[in-house]
Amino acid sequence: MSQEPRFGRMIPAMVTPFDENRELDVDKVQALAARLVDGGSDSLIINGTTGESPTVFYPQKIDLFRAVVEAVGDRVPVIANVGDNCTADTVDFAREVAELGVDGFMCVVPYYNKPPQEGIYQHFRTIANAVELPIILYNIPGRCVVNMEAETTLRLAHECANVVAVKEASGKLDQVKAIVEDAPEGFAVYSGDDAATYDIMRLGGAGVISTIGNVAPGRMKEIVDLCAAGDWEAAAAANEALMPLMKGLFETSNPILVKEALKLLGFPVGGVRLPLVDATSEQSERLAAIMREVGVLDA
């Protein structure tokens, strides 16, 4: 395995805690950030998809980023998701967020607009030229409709010094392989899907930007560390043991069940904001059974 990536290998996409009124719970935000770092996280992604970015409005995003930097910014890198489907707005917001002391940005492929590959390239190139902090690209065609092709990712990786990684959630292992093989030295390819992490790391991926890392950070850290060490047999066994929960957390829209899992663990972080809805009692019971099955929740 190549050199240790700058942001490490196991990076939870942290959920955003809310209080009983679905308002931002800053105290719980800071407690969760500390819990995840104590659990072995190498960095934290704040306000990504799992952090309900579509329904955490911009003033709240600032409060959220500031709270996490205050809580753990001296311990691990804090990466702020600032990506939007308007290039100019993303640039303006990224410049504002940079003043908070975050260590990097994540920016998603523009959603809803359905840009061509050249538009995706120009979007990210414009952002990269406007800021100095490192940028993780986020390719998730299941949510953005369009796929950022390997050629576009590689063009950005080679031409923009501060484009340092990609979170690949395309499900296309041939695309991941092409990026890994032709990326510049130091460019990291992260799995954007917990269940694909082992396969992506076998291709040379750096690690995972993780959903399950909110619930079982130590277990996911074990898997990526075993992969990084080349102990593929032990990694495969650890991966298989956790796979039911990796898949179970996505039996409905993310992060409904991640928040429910934290509640089941005795660390409630509030519900989700509409148009998402909280887990049903049946979903909670099924999730608890899976958590017990994999050893995350006591029997």
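Is Arg 22 buried, exposed or partly exposed? Arg 22 is partly exposed, with a relative accessible area of 31%. The model is predicted. This briefing covers salt bridges, one asparagine and a pocket.

**Arg 22 and its partner**
- Arg 22 forms a salt bridge with Asp 278, and the closest N and O atoms are 2.8 Å apart.
- Arg 22 sits in the loop between strand S1 (10-14) and helix H1 (26-38), while Asp 278 sits in the loop between helix H11 (256-264) and helix H12 (281-294), so the pair ties together parts that are 256 residues apart in sequence.
- Asp 278 is partly exposed, at 34% relative accessible area.

**Other salt bridges**
- The count of salt bridges comes to 12.
- One of them joins the side chains of Glu 159 and Arg 125, at 2.9 Å from N to O.
- Glu 159 belongs to helix H6 (residues 150-159) and Arg 125 to helix H4 (residues 117-130), so this pair ties together parts that are 34 residues apart in sequence.
- Glu 159 is partly exposed, with a relative accessible area of 41%.
- Arg 125 is partly exposed too, with a value of 25%.
- Shared partners join Glu 118, Arg 125, Arg 155 and Glu 159 into one network of salt bridges.
- Glu 4 and Arg 9 also meet through their side chains in a salt bridge, at 3.5 Å from N to O.
- Arg 9 has a relative accessible area of 4%, and buried means under 20%, so Arg 9 counts as buried.

**Asn 47**
- Asn 47 lies in the loop between strand S2 (44-46) and helix H2 (58-72).
- Its relative accessibility is 0%, so Asn 47 counts as buried.
- The side chain of Asn 47 reaches the backbone oxygen of Gly 51 at 2.9 Å.
- Beyond its neighbours within four places in sequence, Asn 47 is in contact with several residues, including Met 14, Thr 16, Ser 53, Lys 61, Phe 65 and Asn 81.
- Val 82 is 35 residues from Asn 47 in sequence, and their C-alpha atoms are 8.2 Å apart in space.

**The largest pocket**
- The largest pocket has a volume of about 380 Å³.
- Its lining is made of 20 residues.
- Ser 53, Pro 54, Gly 83, Val 108 and Tyr 111 lie nearest the centre of the pocket.
- Helix H5 (141-144) and H2 are the elements that give two or more residues to this lining.
- By class, the lining holds 11 nonpolar, 6 polar and 3 charged residues.

How values were computed
Residues numbered from 1 in each chain as written. Predicted model: local features only at pLDDT ≥ 70, side-chain atom pairs only at ≥ 80, totals over all residues. Heavy atoms only, no water. Helix = DSSP H or I, 4+ residues; strand = E, 2+ residues; numbered from the N terminus. Buried < 20%, exposed > 50% of the residue type's maximum accessible area, 1.4 Å probe, protein only. Contact = heavy atoms within 4.5 Å. Polar contact = N/O pair within 3.5 Å; in protein donor to acceptor, adjacent residues only side chain to side chain. 1 Å grid on protein atoms, 1.4 Å probe; cavity = no way out; pocket = protein on both sides within 12 Å on 5 of 7 lines; lining within 4 Å. Points joined across faces, edges and corners; volume = space filled by probe spheres on them. Nonpolar A, V, L, I, M, F, W, Y, C, P; charged D, E, K, R; others polar. Salt bridge = Lys/Arg side-chain N within 4 Å of Asp/Glu carboxyl O.
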